[in-house]
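Got the model open and want a quick tour of its pockets, sheet and helices? Here are some questions to work through with the structure in view.

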Amino acid sequence: MKLKVGILSDYKGDFGHFIKILSPNNDSKIKIGDYTLEFVSFDSNDNEGGGIADCDYIVVVNRSLKNMRVKTKRVFALQQEPYIRESKKYAIPFKNEWAIIDDYYLFCDVVFAFNDELFKDKNLIEESPKTFVKNNTTFIKHHPALYFCFGNVPFDALCKMPPPKKTKEMSCIASFDKKAFYGHLDRIKFVTALKKSKIGKRIDFFGNKTEFELQEKKDGILPYKYTIAIENNSQNDYVSEKIMDSYLGYSIPIYFGASNVDEYFPKNSFIKIDIYNLQDSLNLIENILDSSFYETNFDALLEARKKVL
C-alpha cells in the first residue's frame with residue numbers, strides 16, 4: 001500500500017534534498033512492511049500562492065508555512081530547533097519562542113517535541129510520563145530526529161560502509177560563523193581554549209570560518225578514532241546530527257549536549273565533557289588520547305552506529 005507524506009518546514013531552501021539522501025534507494029521512499037511511504041517536501045515557493053498540500057499525512061518540521069492549506073488524514077509536528085533563553089552575558093534575546101507554546105501546535109494531532117519548557121507544569125499521563133494532551137493534540141517528549149550532515153553519501157551506502165582504517169587520533173569540528181545563540185559563542189570559547197592548550201597539538205581542528213574548512217564533514221571524521229561534538233545547548237533529548245555524524249564515521253564522540261544521551265546510545269560509545277569546566281575536560285581528553293578506549297569499546301560504537309541508521 002502506498003502512502004504519500006508531505007513535509008512542511010521552516011528551513012530555507014528545499015528540505016527534499018535531506019529526505020532523498022536519507023532514503024534507502026535515494027528516491028524519497030521508505031518501505032515498512034506492506035507500506036511504501038513516499039515523502040514530498042513543500043518548500044517556501046510552493047506555499048507563496050496559497051496552494052494545497054494533498055497527502056495522506058502531513059509532517060510539520062518546526063513550524064508550519066502560513067499560507068499552505070492541507071488536505072490530509074492526520075497532521076504530525078516534529079521539533080528540531082531548541083528554544084533559546086536570553087543571555088545577558090552576550091546580550092542575546094530569547095529565540096524560537098514558538099517551540100514552547102503548546103497553543104501553537106493545536107492544529108496538529110501529534111507533536112514530537114524535546115524542549116523542556118513545553119512540558120513544564122503539564123499534567124503528564126501516568127502510564128506515559130513523557131506525554132500530555134491538550135484539547136485533541138498529543139505532545140510526546142522525543143529527540144529531534146535531525147537529518148545527517150555527514151556528507152553526500154546515500155543511505156544504502158552508509159549501511160554498507162565498512163569500518164575505515166583509523167590513522168589519526170582526534171578531530172574537532174566546530175564552525176566559527178554561527179553566533180546567534182549563546183551556545184554558539186560558548187562553543188567557540190571552549191574550542192579556542194582547547195586549541196591553545198598543550199593537548200591542542202594532538203587534535204585536528206575543522207569548521208566554517210576557520211583555517212581548515214571541510215568540503216564534506218565525513219573527511220574530518222573517518223580518519224579519526226575520536227571526534228569532539230558540541231551541541232548548541234545542553235538539555236534532555238536534544239540529540240542532534242553532531243553525535244550521529246560521529247557514529248556514522250566510526251568515531252567515538254567526545255560529547256557535550258543532551259544530559260540524557262545515555263538513554264539513546266550505549267554506555268562507553270561516547271565520552272561526556274563539560275565545556276564549562278575547562279580543566280576537567282582537558283584532563284579527560286588527554287587521558288582518552290593516552291588510552292586504548294577506542295579499541296576496548298569498539299563494539300559499543302558499532303551498536304551506537306546501528307541505532308543511528
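**Strands, pockets and helices**

Q: In which sense do strand 13 and strand 14 pair, and over how many bridges?
A: This is a predicted model, so take what follows as computed from its atoms. Strand 14 covers residues 252–256, and Y226 stands opposite I252 in that strand. Strand 13 and strand 14 pair in the parallel sense, over five bridges.

Q: Which residue in strand 13 does C172 stand opposite?
A: Strand 13 also pairs with strand 11, residues 168–173. That pairing is in the parallel sense too, over four bridges. Within strand 13, the residue opposite C172 is I228.

Q: How many of the seven residues of strand 13 are buried?
A: Buried means under 20% relative accessible area. Strand 13 is largely enclosed by the rest of the structure, because the number of its seven residues that are buried is six.

Q: Which element gives the largest share of the lining of the second largest pocket?
A: The second largest pocket holds about 870 Å³ of space and is lined by 35 residues, with C149, S175, K178, E241 and K242 nearest its centre. The elements giving two or more residues to this lining are helix 5 (182–196), strand 13 (224–230) and helix 6 (241–248). The largest share is four residues, and it comes from strand 13.

Q: How many residues in the lining of the second largest pocket are charged?
A: Sort the lining of the second largest pocket by class and you get 15 nonpolar residues. Next come 10 polar ones, and the count of charged residues is 10.

Q: How many residues in the lining of the largest pocket are nonpolar?
A: The largest pocket has about 1100 Å³ of space. Its lining has 33 residues, and L22, I30, F39, L78 and A145 lie nearest the centre. Four residues of the lining are polar and one is charged, while the nonpolar ones number 28.

Q: Which residue in strand 3 is the bridge partner of I30?
A: I30 is one of the residues nearest the centre of the largest pocket. Strand 2 and strand 3 run antiparallel and are joined by four bridges. They form a hairpin with two residues between them, and G33 in the turn has a positive phi of about 60 degrees. The strand 3 partner of I30 is L37.

Q: Is F18 buried, partly exposed or exposed?
A: F18 is found in helix 1. The cut-offs are under 20% for buried and over 50% for exposed. At a relative accessible area of 25%, F18 is partly exposed.

Q: How far apart in space are the C-alpha atoms of L289 and M170?
A: L289 lies in helix 7 and counts as buried, at 7% relative accessibility. L289 and M170 are 119 residues apart in sequence, yet their C-alpha separation is 7.9 Å.

Q: Which residues are exposed on the other side of helix 9?
A: The buried residues of helix 9 are A300, L301, A304, R305 and V308. They cover an arc of only 140 degrees around the axis, so they are on the same side of helix 9. Exposed on the other side are D299 and K306.

Technical notes
Residues numbered from 1 in each chain as written. Predicted model: local features only at pLDDT ≥ 70, side-chain atom pairs only at ≥ 80, totals over all residues. Heavy atoms only, no water. 1 Å grid on protein atoms, 1.4 Å probe; cavity = no way out; pocket = protein on both sides within 12 Å on 5 of 7 lines; lining within 4 Å. Points joined across faces, edges and corners; volume = space filled by probe spheres on them. Nonpolar A, V, L, I, M, F, W, Y, C, P; charged D, E, K, R; others polar. Buried < 20%, exposed > 50% of the residue type's maximum accessible area, 1.4 Å probe, protein only. Pairing = 2+ DSSP bridges. Arc of directions from axis to C-beta.
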